[in-house]
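Trainee: Hey, can you walk me through the aromatic rings in this one? I'm new to it.

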Amino acid sequence: MVLQPHLTLTLEALGSSGVVLPLEQKAILAHSLPLKQAKAGLRNLTLWGKVTARNGKDYLIAQGMGKLMPGQLPRTALKYSFSQDGVKWVDLEVLSDEVASKAVDITGMLSGEPAKAYTVQVSGAAPVAEEEEAAEGAAPGSQVSELQRLRSIVDVISADTSVVPKGSLRLDASGQVVPNDGFQGVAYPDKLESYIHGMDGPEGVCLAKDIQGMWALQYDSFQGLTSMRSLIWPGYQFYYSTATRAWGSLYSGNGCKNNDLVFML
């Protein structure tokens, strides 16, 4: 969820979990993200994470939010952009339902080539995996671009994650979802019941209602630090500090869902 603390705090808290950015890249982002936010006219903009690619040209993803209408859920106002160098940011367009349904079924890692197109077979055949897509004699079908796949991956991961502490968001007088300045922390930081999916605002679904075993939560009572990772989307990490009431999350992975989770439980 985009309504969260400074990127540096999140990276410091999640560093021990393997979420690391080079110092040079952090410096670049500290300059380029505010510029992109101002240019796009967004209320806020932060680093959502990174989706790795086969050729090593990974996609950095920024998540921002425009102005909400009264009663509008945060998920409908989110804007996403990508960059492969941390300097130039390009918007990821919202997908139609038809394109989204095709993109989500294509398997395998992204190539790292924004201009690449994937063929989705017609006539009821299974979608073509990226390793097979270039094979000669492949059946004709509709096209889904790499960037449409990227947007689809970000959308589905965000829908299943976007964790925030319960009570950390509120609606202001104009109906905007904003951070709750009166947030006093959660009573049970070691329980899934204390966290919600923030894309649906202050009344988001509690994580305890997700599929059992979807989340791995650890609480360090000495440091007062909760760390959580998604088992269905390996690479998504969340933290919450009881000392500072700060929290944040980042994704760093290949964009592939763990469809074997049900067999692991």
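This is a predicted model: local features need pLDDT of at least 70, side-chain atom pairs count only at pLDDT 80 or more; totals for chains, interfaces and linings use all residues.

Trainee: Got it. How many aromatic pairs does the structure hold?

Mentor: There are six aromatic pairs in the structure. Take Y59 and F82: their ring centres are 5.6 Å apart and their planes meet at 75°, which is over 60 degrees, so this pair counts as edge-to-face.

Trainee: And where do Y59 and F82 lie?

Mentor: Y59 is in strand β2 (residues 59-65), while F82 is in strand β3 (residues 78-83), so the pair ties together parts that are 23 residues apart in sequence.

Trainee: Are Y59 and F82 buried or exposed?

Mentor: Y59 is buried, and F82 is too.

Trainee: OK, what about Y195 and F238, why is that pair called edge-to-face?

Mentor: Their planes are at 75°, with the centres 5.5 Å apart, so edge-to-face is the label. Y195 belongs to strand β10 (residues 195-197) and F238 to strand β13 (residues 236-241), so here the linked parts are 43 residues apart in sequence. Y195 and F238 are both buried.

Trainee: Which residues form an aromatic cluster with Y195 and F238?

Mentor: F183 and Y240 do; together with Y195 and F238 they form one aromatic cluster.

Trainee: Switching topic: what sits over the ring of Y118?

Mentor: The charged end of K116 does, 5.2 Å from the ring centre. R149 also lies over the face of Y118, at 4.9 Å from the centre of the ring.

Technical notes. Residues are numbered from 1 along each chain as its sequence is written. Side-chain values use heavy atoms; hydrogens and water are left out. Rings of Phe, Tyr and Trp (its six-membered ring) pair if their centres lie within 6.5 Å; planes under 30 degrees apart count as stacked, over 60 as edge-to-face and the rest as tilted. Helices (H or I, at least four residues) and strands (E, at least two) are DSSP runs, numbered from the N terminus. Buried means under 20% relative accessible area, exposed over 50%, partly exposed in between (1.4 Å probe, protein chains only). A charge sits over a ring if NZ of Lys or CZ of Arg is within 6 Å of the ring centre and within 35 degrees of the ring normal.
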